[in-house]
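Hi,

Here's the structure I promised to send over. Have a look at it first, and then read on for what turned up.

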Amino acid sequence: MSEQPTSKDAGTADDLYAGFAARYDTFFEVQEDPAAQVAFFDTIFKKHSVNRVLDCSCGTGEHLKMLSSLGLSLFGSDISPAMLSVAGEKMERLGLEIPLVKADFRSLPERFPEPFDAILCLSTSLPHVETEDEMIRAIKSMHASLTDGGVLILTQGSSDRMMIEKPRFMPVVNNRDLSRAFVIDYYGRGMTFHVLDFIHTEQQTDFLTWSASYPFIPLKEDYRRMLGAAGFKDVHTYGGYDFSPYDETSRFLIIVAAKGRS
C-alpha cells in the first residue's frame, strides 16, 4: 500500500485507518439516499439470483448494515483491523450476525474457499493499491471468488468529471458536532486526499486531519480494460443508484461486472 497518513490522528504503517475509523461513518452523511442504494443492490441481486454476498472492503460495516434487510447471507472483510473493530461493534449493537474477516482483497480465495454470488468493493477502495497491475491482481482475486454467473459491484467517488475539473476544496459536513472539508492535491493520474475535521461538541473542541494518497485513480475506460484482463466480459457503468448512465457530467462511478458461466 502507498498511503502515508500525515495527521494528528494518523494511521500506523500497517493500518491507514487507525485513529480515523471511529469518525469514518461521517462520510455516509454526504452520500446518496440509503434507500436508493438498497433498491439498486436489490435489483442487481435479484437479476443475478444472488444470495451469498461478500463486501471485500467493508470498512465500518455501514453497507452490510444497509443490506441486512434483504435477507441475504452476508460476509465482510477488510485489511484494516481498526475498521473491522468498529464494524464488529456495530454488528453487535445492531444484533446482526455477519462474519467479519481480516483479508487482503488481492488474496480472497486464500481466506474464503467457498465462492460468493456477489462481491462488493465500494467507496473508492480499489485505488488503495498503488499500481494498475495490483488492481488487476485484486480484480482477478474477486473474479476467482465468484460463482459462475456471479456479479462484482465497484463504486468510486472520483469520476472522470472530477479528474478533469480537479476541485481543490470541498466543504462536505457542517452539523452540531462536526465541520468537515476535503482538500485534494492532484498529480498526474493520482491524488492525495486530505480530510480536515473541526470537532465542536459541548465536551470537546479540536482540529483533526487525516490523509491518504492514491497514485492511480482508474476511470471508466481503465476499469473496462482491467476487468477485461481479469476475465469479466459483461460490464455496465452507471452514474448513480438510479441506474442513470455514466457520462462526462457524472460525479460518481458505479461498475457492475458479471462473471461468465463456464
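A quick word on numbering before anything else: helices and strands here are DSSP runs, counted from the N terminus. Also keep in mind that this is a predicted model.

With that numbering, Ser-123 sits in the loop that links strand 4 to helix 5. Its phi is near 60°, which is a positive value in a residue that isn't glycine. Most residues other than glycine have a negative phi.

You'll find Phe-243 in the loop between strand 10 (234–238) and strand 11. Phe-243 is partly exposed, with a relative accessible area of 29%.

Now for the inside. The largest nonpolar core has 32 residues, and among those with the most contacts inside it are Phe-105, Ile-119, Met-142 and Leu-227. Two or more residues each come from strand 4 (116–121), helix 5 (132–144), strand 5 (146–156), helix 7 (220–229) and strand 11 (253–258). Helix 5 gives the largest share of this core, five residues.

Leaving aside neighbours within four places in sequence, Leu-227 is in contact with Ile-139, Leu-152, Leu-154, Phe-232, Val-235, Ile-255 and Ala-257.

There's also a second, separate core, this one of 24 residues, including Phe-41, Ala-118, Val-151 and Phe-252.

Cheers

Key. Residues numbered from 1 in each chain as written. Predicted model: local features only at pLDDT ≥ 70, side-chain atom pairs only at ≥ 80, totals over all residues. Heavy atoms only, no water. Core = buried A, V, L, I, M, F, W, Y, C linked by side-chain atoms within 4.5 Å. Buried < 20%, exposed > 50% of the residue type's maximum accessible area, 1.4 Å probe, protein only. Helix = DSSP H or I, 4+ residues; strand = E, 2+ residues; numbered from the N terminus. Contact = heavy atoms within 4.5 Å.
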